[in-house]
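Please open the model in your viewer and keep the selection panel at hand.

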Amino acid sequence: MLQYSLRRILGMIPLLFLTSIVVFSLAKFMPGDPFGGEIDPSNTNPEYIEEMREKLGYNDPIHIQYIRWVTNFVQGDFGHSTAHKIPVFDLIVDRLPNTIFLAIVSLIITYIFAFAMGMYSGRRPYTWGDNLIAGYNYVGLAIPSFVAGIIAIYFFSFQLGWFPFAGSVEVGLQPGTWDYYVSRMHHVLLPALILGLMGTASYTQFLRNDVIENSRKDFVRTARAKGTSESAIYNKHILRNSMIPLITFLGFDIATLIGGAVITETIFTYPGIGLLFLESVDRRDYAVLMTITMLLSFLTLLGNLIADLLYGIVDPRIRLG
Amino acid sequence: MVGKEESPSLDTILQVNELKAGFDIDGKVYHAVDNVSFDVKKKQILGVVGESGCGKSVMSMSIMQLLPKETGKVTGGEIVFEGKNIENYSINQMNTIRGNDISMIFQEPMTALNPVFTIGFQLQEILFNHQKISKKDAREKSIHLLRQVGISRPENIVDEYPHQLSGGMRQRVMIAIAIACQPKLLIADEPTTALDVTVQAQILDLLREIQSINNMAIILITHDLGVVAEMCDDVIVMYAGKIVERTNVDALFHNPKHPYTQLLLQSIPKLDEEEKELGSIDGLVPSLKDMPEVGCRFADRCPKRMPECTEITPLLGFVENGHEAACLLYENSYQTNGRNTYVK
C-alpha cells in the first residue's frame, strides 16, 4: 500500500504541472492589475509605474514569469499578498484551520444525517417515511446555500438569537481556554449545519438506492437462511457493501468542502479559505488566488488518493499492490 | 386446514400440506406453487425434479420464508416442522429455526457469500446466531467445519475472502455454514448446477457423507435426473407448480407413470442405444400468467392427451403401492383421496 501511495503521489506531479499552467494563464487573462497594493498610490507618474512593472517582472516574457512563479512555488515561496501585505503562506496558514474545522464539523453532520436517513429509507422503501425523507432531500438539494444561509441567519441569529451570525470566535477570548473552544464551536455550528445538510441529499438518496439494490442480493438471502436478524443484515451485511460507493463521494468532498464553502463562508463572514478566495478575486490578489487554486487542485487529487486507499480497506476485492 | 387421514408417523420431520405460493404482480397473485403436499422423513433424501420454472425453488423458499419480501407470497397451506406449523411464524420465530433446524444451500455459490466479509466471519455468524459460544471456540469450530467439508489448509482459508476461492470451494463453504449447527433438515436448491461436472460429483459425495454422519434429512432440488438417481431415496416430479408424480427412485426410473416423467426419462442419453436421437418435449411450460384454471397443465404437450384432460384437473392419487401420479390415465386421479382433497 505504501508503494502504491508513493506511485500515486508521483503520478500527481504531471497533473499538478498541467493545472499550474491553467491557473497561471487564467490569472494572466484576468482583467485589471494587481498594482493597487504594490505601488505608492499617491504617485501616478507613468515612468514610476513603468519602473515598478519592470522591477516586479511584469514586463518579462510570459514563460519567464511562469517559470519564476513555478520555481518559487515549488520552493515553498507562494508569493506575497498584495492586499494583506504578508506572505501568502502565512495568510493561508492563518485561515486554513478555520476552514478545516468547518469542513470536519459539516462532514460529521452530513454523515450522521445521511446514514440515519439513508438506512431508514433503504430498509423501508416506498413507505411514508421514505417519501418524507426523499421530499426533504429534494427541497434541500434545490435550495441554494446562500438562500438557506440567509434564512438560517435571520431565524436562528436575529430572531431567536441562538447562534452568532459572523466570525469564527468571539473577540477577546484567550486561545486555549475552555470558553474559547466553546465559542468556536458555537460559531461554526450554523454554517456547518447549512453546509452539512445541503450535502446530505445526495448521500442519502445514493445510500438508499444502494441499500435497496443490495437487499436483493443473494448474500442477503444466505444471511437470512442462517437465521441472522434483520437489523444485523442491514447494519452489517448490507451497510458494509453500500459504504463502498459512498467513498467516492468522500474523495470529492475533501476538496469541495475546503473550496466549496466559498458562499457559506462569505454569508457567515467566517474567516476561512473560501472567504479569502472571494476577497482575493475582488482585489486581484493573484498570488493568493493562484495558491488557493493550486491547493484545491492538490486536495482534489489527494482526496481521490485517499478514496482509493479507503476502497482497499473497505472492499477486500480491491488489493492495492 | 385439511387434516390428513393417516396421522403423520413419528419419523416425519417436515410436512407440507396444500401449499400455495406465488408472486404478487399488480395486485394479483400468480401461483408458482399450487396445492403441493408432501412430507419428508428423518434421514431421508427427497429429490424434487422439474424443469426451470416449475416452482421447485419457490416451494423451497416458502418453507424457509425466504421469498422476496415485496412480491413473494404464501397464500395457503401449512408447513409443519416437527409438529409445529411454521408457515405463520414471525421473522423472529423463523430466525430460531433458520440455520439451526433447517438450513439451506443455493444454486449460485459465486454470489451467495458476502464479498466483504471473511469466510470465518460468515461461518461464525451462524454459530453466534444460535449458540452461546466464545469467539475463540467459534473460530476453532469454523476451522473444524471447513476441514470437515474437505477444504485444505482451513487455518488460512478462514481468514480469506470469498473472491479468493473457486466456485467449488465456495459451495463447500456454503455447506460448512449450512451444517454448522447440525440441522435436522437441509434444503439444497440446485447445489451443483453452477459447478463443473467433476466438482459436482465431489459436492454430491460430500453431501451424502455429511448426511450419513449428521443424520439429517435433505430436500435436494435439481433438474438433473442423474443427480436424483445417484442421491435420492424418494422423488417428487413437479410440473408447472404441481406435483405430477411421487415415488421412490427405483420405481421412477424403471416404471414411470406420468407421461411427463416418461418423456423426461427419454431425454436422458443412454449408453447402449447409440444411434437413437435424444428425446425432447415439444412446447414450453405455460407461463404463470396463463396457467389453465381447469385441466391438466401438461395437456398441451402431452402425447397421450385425452379429451377430458382439459376439463378435469387430475389429482395426485395412488397408482400402485407407494407410487402416486396425477394423470387421468389412472382412476385414482379422478377422485378425492387421502392425499389430495383439492377439487376444482
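Two residues are counted as in contact here if their C-beta atoms, placed from the backbone, lie within 7 Å. Please keep in mind throughout that this is a predicted model.

Begin by selecting chains A and B together, where the contact takes 18 residues from chain A and 25 residues from chain B. On the side of chain A that touches chain B, the elements giving two or more residues are helix H9 (218-225) and helix H10 (230-259) of chain A, and H9(A) provides the largest share, six residues. If you colour this side of chain A by residue class, you will find three nonpolar, six polar and nine charged residues.

Of its 321 residues, 32% count as buried.

Now select residues 2-29 and 286-314 of chain A, which are helix H1 and helix H13. How do their axes meet? The axes come within 10 Å and cross at roughly 150°; because angles over 145 degrees count as roughly antiparallel, H1(A) and H13(A) are therefore roughly antiparallel to each other. Their crossing is right-handed.

Finally, show the side chains where these two helices meet: the residues in H1(A) include Met12(A), Leu16(A) and Phe24(A), while those in H13(A) include Met290(A), Phe298(A) and Leu305(A). The residues of this contact divide into 14 nonpolar, five polar and one charged.

Methods. Residues are numbered from 1 along each chain as its sequence is written. Chains are lettered from A and ligands numbered from 1 in the order in which they are written. This is a predicted model: local features need pLDDT of at least 70, side-chain atom pairs count only at pLDDT 80 or more; totals for chains, interfaces and linings use all residues. Helices (H or I, at least four residues) and strands (E, at least two) are DSSP runs, numbered from the N terminus. Ala, Val, Leu, Ile, Met, Phe, Trp, Tyr, Cys and Pro count as nonpolar, Asp, Glu, Lys and Arg as charged, and the others, Gly among them, as polar. A residue is buried if 20 or more other C-beta atoms lie within 10 Å of its own, exposed if 12 or fewer, and partly exposed in between; C-beta atoms are placed from the backbone. Axes are lines fitted to C-alpha atoms, for helices over the stretch in contact, and angles run from 0 to 180 degrees between N-to-C directions. Angles under 35 degrees count as roughly parallel, over 145 as roughly antiparallel, 65 to 115 as roughly perpendicular and the rest as oblique. A crossing is left-handed if the near helix is turned anticlockwise from the far one by less than a right angle, and right-handed if clockwise.
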